[in-house]
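Please open the model in your viewer and keep the selection tool at hand. The tour below goes from one selection to the next and says what is to be found at each.

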Amino acid sequence: MADMSQPLRIAINGYGRIGRCFLRALIESPHHQSIQVVAINEPADLESMAYLTHFDSTHGVFPAAVESHDNGLRIAGRDIQVFHARTPAQVPWKALKLDLLLECSGAYGSRRDLQGFLDAGCPRLLVSNPGHGAADVDCTIVYGVNESVLQPDQTIVSAASCTTNAVVPVLHVLDQHLGVQSAYLTTLHSVMNDQPMIDGYHHSDLRRTRSAMQSIVPVTTGLAQGVERLLPQLAGRIQAKAIRVPILNVSAIDLSVNLNTATSVEALNALLEDAARAHPGLLACTRQPHASIDFNHNPHSAVVDLGQTRVNHGSFINLLLWFDNEWGFANRMLDITRTWAALLARAA
């Protein structure tokens, strides 16, 4: 194990939307001195990596200097070695003396595939997707709900998904205080890179062959299973659907819940405001008349729009949750990284 009195040495595998957002979240945070990105593996060419780090259509110009040199990047004055491998075994992970690899490509979901990184010399992985199932990871963390289950000897940990991070804290509060009998979640999600700009052959889900910017597109989702993994007491009582909407960023969840205990709009909003105060930086509430763009680059897991709270016949409620599906999730990955680093330091 590395000397934990030194900066945590991490690498990023997959430098797409989440990989770049994680690096930016780290640079914008006060933790960039204690966590050092020493390597990135990304098949794209170095010039494109530097350019897309520097300029971002969603989050704006990078807040620090970005340069490319020889075989790497220099970001905020720190050198980052860059590899362009397509398999875990092609990168000399062991020689990098890593403490943690962030797997942000989204291409690896089975334990067998993730094990390939450990076999190639990575000591532990934080994965930016839920994995194919609970058995494919040692644990799944939604920060603010169950980070206490994280242990220093775990090697494959999932940060769940952006939607799971948004809805699980709210469902957790509702179940603790009012009891959740059943819930239906509809995610209104911004476009993703598995959708084409114009109609084209590329996906087995025929709806996803249609232009992302011209239609509202229903897609499949594993959100219900993701929620039940984190809140097993609700198993069999959660249903979900997902609809892609033609905007670049920021998503919402329309959450309908049958409660065991009757409530009112005023009491429910007060409960949610109390929960937000108890989890600063993770959960927030607003009474302003917002549109989605207002939450771009918002680091919270979810922001409850209290003006949209509805209660029908006492125990049937509806909530609207806003979240930046890129920035909020990247910040939760950073929170898990910091938590794991602290555990490793105590175990060293």
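Select Thr187 and display its surroundings: leaving out residues up to four places away in sequence, Thr187 touches Thr163, Leu223, Lys241, Ala242, Ile243, Ala252, Ile253 and Phe323, where contact means heavy atoms within 4.5 Å. Thr187 belongs to strand β10 (residues 180–190) and is buried, with a relative accessible area of 3%; buried means under 20% relative accessible area, exposed over 50% and partly exposed in between, for a 1.4 Å probe and protein chains only. Helices (H or I, at least four residues) and strands (E, at least two) are DSSP runs, numbered from the N terminus.

This is a predicted model, in which local features need pLDDT of at least 70 and side-chain atom pairs count only at pLDDT 80 or more, while totals for chains, interfaces and linings use all residues. Residues are numbered from 1 along each chain as its sequence is written, and side-chain values use heavy atoms, with hydrogens and water left out.

Next, select Val167, Leu171, Leu174, Leu185 and Leu255, which touch the most other members of the largest nonpolar core, a set of 83 residues. Such a core consists of buried Ala, Val, Leu, Ile, Met, Phe, Trp, Tyr and Cys residues joined through side-chain atoms within 4.5 Å. Helix α7 (residues 327–347) supplies the largest share of this core, 10 residues. A second, separate core has 20 residues, among them Ala11, Ala39, Val91 and Ala120.

Now colour the open sheet of 9 strands, whose order is β3-β4-β5-β2-β1-β6-β7-β9-β8, with mixed pairing; two strands count as paired if DSSP finds at least two bridges between them. At the edges stand β3 (66–69) and β8 (139–140), each with a single partner strand, so one side of each has no neighbour in the sheet. Within the sheet, β2 (residues 35–41) and β5 (residues 78–83) run parallel and are joined by 3 bridges, and Asn41 stands opposite Phe83 in β5.

Finally, go to helix α3 (residues 111–119), where Leu114, Phe117 and Leu118 are buried. These residues lie on the same side of α3 because they cover an arc of only 100° around the axis, the arc being that of the directions from the helix axis to the C-beta atoms. The buried residues of α3 pack against β1 (8–13), β6 (100–103), β7 (125–127) and β9 (156–158), whereas Arg112 and Asp119, on the other side of α3, are exposed. After α3 comes Gly121, whose phi is positive, near 115°.
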